[in-house]
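Please look over the structure shown below and keep it open while you read.

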Amino acid sequence: FTSMKQLESFAATICVWALIYFLAQQSYLGLVSPMTEIDSLVYHIPIARHILNHGWLSVPQIEQGWGYYPSVGETILAGLLLLNPSLLNLFNVLGIALVFFVSFSLGKAYGLRRDLSLVFAAAVSLLQPALRLVNTQTVDIWFQLFALLSVLLLASIRKSSRQVLASGIVLGLLTGTKYSGPFAVLLFLLFFRRNLRGIQFSKLVLGLLPLLLLGGFWYVRNTFLTGNPFYPADLSFLGLTLRGVVNNTITDWFPLKSIFFYPGGIRIFVSSLVSEYAVWLVFLGYFLLRLFVDQEGGKASHLKDTLRISYLGTALSALYLLIPG
């Protein structure tokens, strides 16, 4: 290679073709293979079928109260079910493809050149946690998609009515995909609060309405049906008790508790982290160390956006450790 641009172009070509091969392979396997993932069969697909047959105001009766989960992802799944049930295994293939395009735009928004943005997008799309879920009907990849799209919109918001409305829609979709959604949205709004300054109140309302409609609907519905917006979680905090499914093991444990109180928890956590992210942990460690050194040496004044999104990533990781599951 005679220049860095040629090296970047070569790396981008390799990464994009690797992603295309993976998506083509998984699309074929998805079309010829039955659905087997247990969570998908137990509640994701039944919720989607219930939405088609009964709408969103009622919930399917599923063990442990799982039918009450916020169901933006299952609504999308219901659309595939309506088109053709044989397409259900392509649910997350479509999700990964969309993650790639959003990640590419996010890379460019943060100053990466085109080829480096392609490398970044392919790397995000081919992370092991996503690869494990590609031929399932779980909603985690769509949660990732809405999170990335939220960052892209909030980072580049220009205070126009259209952009504020789009941000509200995407934040609402994120809120309504998983119970961790509202907490992620609060973090996004906290980290990008400066970008929202100066927006007219009427435009803020324009963004707030779809957030409450698409995201808040599920929590309001659950409150009317059970008195608990996070049902089936059985929660008690600050003197407030939200009755759910008693002895619900999903809400009894969270990663931080597992690390310190489950026998061998630290070893299991580190082993799982390495198996999920492999060599990317090395690159992440180098990046954070370099960022810290530059910041301490006063060289990071031009990296404010990089620092902000790094802090956001750290905060989201901490949130993961504290979210029951």
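## One residue to begin with

Is Ala24 buried, partly exposed or exposed? Ala24 has a relative accessible area of 48% and is therefore partly exposed, where buried means under 20% relative accessible area, exposed means over 50%, and partly exposed lies in between, with a 1.4 Å probe and protein chains only. This residue sits in helix 1, residues 4-32, and helices here are DSSP runs of H or I with at least four residues, while strands are runs of E with at least two, both numbered from the N terminus. Between Ala24 and Thr314 there are 290 residues in sequence and 33 Å in space, C-alpha to C-alpha.

This is a predicted model, in which local features need pLDDT of at least 70 and side-chain atom pairs count only at pLDDT 80 or more, whereas totals for chains, interfaces and linings use all residues. Residues are numbered from 1 along each chain as its sequence is written, and side-chain values use heavy atoms, with hydrogens and water left out.

## Helix 4 and its two partners

Helix 4 (residues 91-109) packs against helix 7 (residues 140-155) at an angle of about 20°, and their axes are 9 Å apart; axes are lines fitted to C-alpha atoms, for helices over the stretch in contact, and angles run from 0 to 180 degrees between N-to-C directions. That angle makes helix 4 roughly parallel to helix 7, since angles under 35 degrees count as roughly parallel, over 145 as roughly antiparallel, 65 to 115 as roughly perpendicular and the rest as oblique. The contact, meaning heavy atoms within 4.5 Å, involves residues including Ile96, Val99 and Val102 of helix 4 and Leu145, Leu148 and Leu152 of helix 7. Its residues divide into 15 nonpolar, five polar and no charged, where Ala, Val, Leu, Ile, Met, Phe, Trp, Tyr, Cys and Pro count as nonpolar, Asp, Glu, Lys and Arg as charged, and the others, Gly among them, as polar.

With helix 5 (residues 114-125), the axis of helix 4 comes within 8 Å and crosses at roughly 140°, and the two helices are therefore oblique to each other. Among the residues making this contact are Ile96, Phe100 and Lys108 of helix 4 and Arg114, Leu118 and Phe120 of helix 5. The residues of the contact of helix 4 with helix 5 comprise nine nonpolar, four polar and two charged.

## The nonpolar core

In soluble globular proteins, nonpolar side chains tend to be buried together. Here the largest nonpolar core has 64 residues, and those with the most contacts inside it are Leu23, Ile96, Leu174, Phe188 and Leu312; such a core is a set of buried Ala, Val, Leu, Ile, Met, Phe, Trp, Tyr and Cys residues joined through side-chain atoms within 4.5 Å. Helix 7 supplies the largest share of this core, ten residues.

Phe188 is one of the buried residues of helix 9, residues 181-191, and the elements covering those buried residues include helix 7, helix 8 and helix 16. Leaving aside residues up to four places away in sequence, Phe188 touches several residues, including Val151, Leu174 and Leu312.

Most residues other than glycine have a negative phi, and most peptide bonds are trans. Gln64, however, has a positive phi of about 65° and lies in the loop between helix 2 and helix 3. Ala278 has a positive phi of about 45° and is found in the loop between helix 14 and helix 15. A cis peptide bond, with omega about 20°, joins Tyr231 and Pro232, and Pro232 belongs to the loop between helix 11 and strand 1.
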